[in-house]
Each structure stands twice: as C-alpha cells, then as structure tokens.
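Open your viewer and get ready to select residues by number.

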Amino acid sequence: MLHSLFWLLDHYPETGESVASLHQAALEEAALADHLGFASLWISEHHFRSLSTVPNPAILLAAMAQHTRTIRLGPATSVLPLHNPIHLAEDYALVDVLSNGRLNMGVGSGSQAMEFSPFNVDFELRREQFVKNLASFRQRWEIAARGEFGPDSLNVTPIQSPAPPIYVATMNRDAAYEIGRVGDSLLTLASPSSANLEEVAARVQAHARGLEEAGKERGGVEAIVMMFAHASQTDAEVEAVVVPALSRLMFNMAGTRLKDPKAFYEEMRKKGIGVFGTPTGVSHHLERLADLGIGHVAFVSRFGGMSKEVATRSLRLLAPGRSALRDPAEVLAASMGP
C-alpha cells in the first residue's frame, strides 16, 4: 500500500491562521512528508472561494520542489477548461524541471459552476472543452519530447521521457473505465457523500478493467484514491479534532451547516470512506482497502481548519512505517541547505 497526501489548503479566518501562514506551513509539511517517505503530494486548484487558497498549483509545487528530494508532486487537479493548454504545458514542464523529474500531472474538467462564470467559460460544456484542451496539452509535450523546434515550440522541456505521467480525475465508474482504456492513471476521491467504500473501489476496478481490455501496459499507470484521514493515539482524540473540522469543511463546500456533525462523522466511519482512528485502526482500514484492490491512498490530512500542530502529529502516524519525529520547521531548514 502506497501512502500519499492530498491538500486542499482550505482557509478559515475564524481560526486565526492567515493564508500566508497556511502556505508556510504547507512548505514545512511538504519537507516533512518527503522526509517521512510519502510517495506523492497533490495540491488542489480552486478559484474565488476559500475551499482552496491555490488558484495556480504550479507556483506552490515549484516552491515545494525546492524543499523536497524524492516525493512526487502534482496538481489534483489542473482544471483544464479554465486554462490555455499551451500555458499549462509551459508551466508544468517547468515544474518537472525544477523538481528534477518528479511531476505527476493531474487533470480534470472541474466540478464547481461558480468558478467558471468569472472566466466566461460555459460550465455545461466543460467536458468537451476538457477533451479539446487535454489533446492540445499532450501535443505540446509530445512535440517537446521529439525535440522538434519551430516558432511555437515550448522553450522548456519536461525532464521525464517521453513525458510526465498524466492522472485524470473522476468520481464516475464508466469514466474511470475509459481513462484506463486510454492508458492514463486515475485520481478518484472518496468524498463525504460517497455511498460506501465498495462504490469507490468499483471505480478502481473499472479503471483496471479498461487497461486490461485495451491491452495497455500497466507500467507506471495506477489508480489513487483520495480519502479524508486523521490519526491520533485514541479514538476520542480523533473525534475531537475531526468532528469540528468536518463541520467547517462541509459548510465551506456546500454553504449549509451540518445538522449533526458527530453523526456525519460516525456515518463516514461506518461507510469506510474516512480513514479515522488510532495507528492500529488505520492499519486495519488500509488492509480492508487492499482487499478491495486499492493499492495507493492519498490522505487528505489537513482540512477544516485543524491546527498545524495537530495535523503534523497525524501526518507522522499516517506515514509509511510511522517513523521520524523531527520538527517540520527543522526539516524545512535542512532541505534549504547551508
């Protein structure tokens, strides 16, 4: 079971944390995650709302690349219909260069209508625009990989050959199957509204079936399930942190207050779509995921305004091997060199 991380970087002014301090903490936590041996780190993209404070993940990922050595880095996801695909090809090629070939390119069509209208992009046509922009994006990287030069060639080429891997996001089983048939990797979220863990696993299984039926080489192609997670020494400690965090997060996402946040938390645990518990409980949950064919999980490890200190303790307990107790600020300082 591979362990990765997915950060919304959602912001809650009422907690007293500024956006600047949230981003500084993200740099420190990225260095720590690298030190702890997480496989990859993913950053969300959102606009015009505090569900995420990263409108352009390429900028933050480029900064994280300077404080990490082995962990792979990627957007989850770059919302293709909102962007010029040539700009994206340039931006993320540079991230691959700055990270010395550690980019995972996550792409998606977007899910928030309110984020489209200020860009004058039709939300209802986002899937068609996604297909068009992804094809253009791929073409730019393919031309760069062939070493072709012309008036519209990219002036920076990704280090990874022939190109960084592409991960396509979906929460739909049929779409996951098609992503597999194309030969791309899959990103999928076990959202708080998911029916159950088996429904999430079905997307992973559909992706694998698409790969197999299309005769695609598995190679580096994989499926990653993103799941909300928090670990502590007791279940009571987990509940005390996660219940208010989920309450703030769901209000941020939907604009309505949960009637019973504790019942909502307990339902997520019952359905298996949240990795919440003690280290032993987390291990048992991951074993259940493995039995369902899920081999790579990206933990949504800080959300809903939980404090940096609490999130850091959980991060260490969620890490592969659950080792290394160095302070994240010390790890960041060490990553910057003398």
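Start by selecting Asp-235 and Arg-269. They form a salt bridge, with the closest N and O atoms 4.0 Å apart. The term means a side-chain nitrogen of Lys or Arg within 4 Å of a carboxyl oxygen of Asp or Glu. Asp-235 belongs to helix 7 (residues 235-254) and Arg-269 to helix 8 (residues 261-271), so the pair links parts of the chain 34 residues apart. Helices here are DSSP runs of H or I with at least four residues, strands are E runs of at least two, and both are numbered from the N terminus.

A word on the model: it is predicted, local features need pLDDT of at least 70, side-chain atom pairs count only at pLDDT 80 or more, and totals for chains, interfaces and linings use all residues. Residues are numbered from 1 along each chain as its sequence is written, and side-chain values use heavy atoms, leaving out hydrogens and water.

Now check the surface. Asp-235 is partly exposed at 38% relative accessible area, and Arg-269 is partly exposed at 34%. Buried means under 20%, exposed over 50%, and partly exposed in between (1.4 Å probe, protein chains only).

Next, select Arg-138 and Asp-184. Their side chains meet in a salt bridge at 2.4 Å, N to O. Arg-138 sits in helix 4 (residues 126-145), while Asp-184 lies in the loop between helix 5 (173-182) and strand 7 (185-190). Arg-138 is partly exposed at 23%; Asp-184 is buried at 8%.

Last stop: Arg-302 and Glu-17. This salt bridge spans 2.9 Å, N to O. The two residues are 285 residues apart in the chain.
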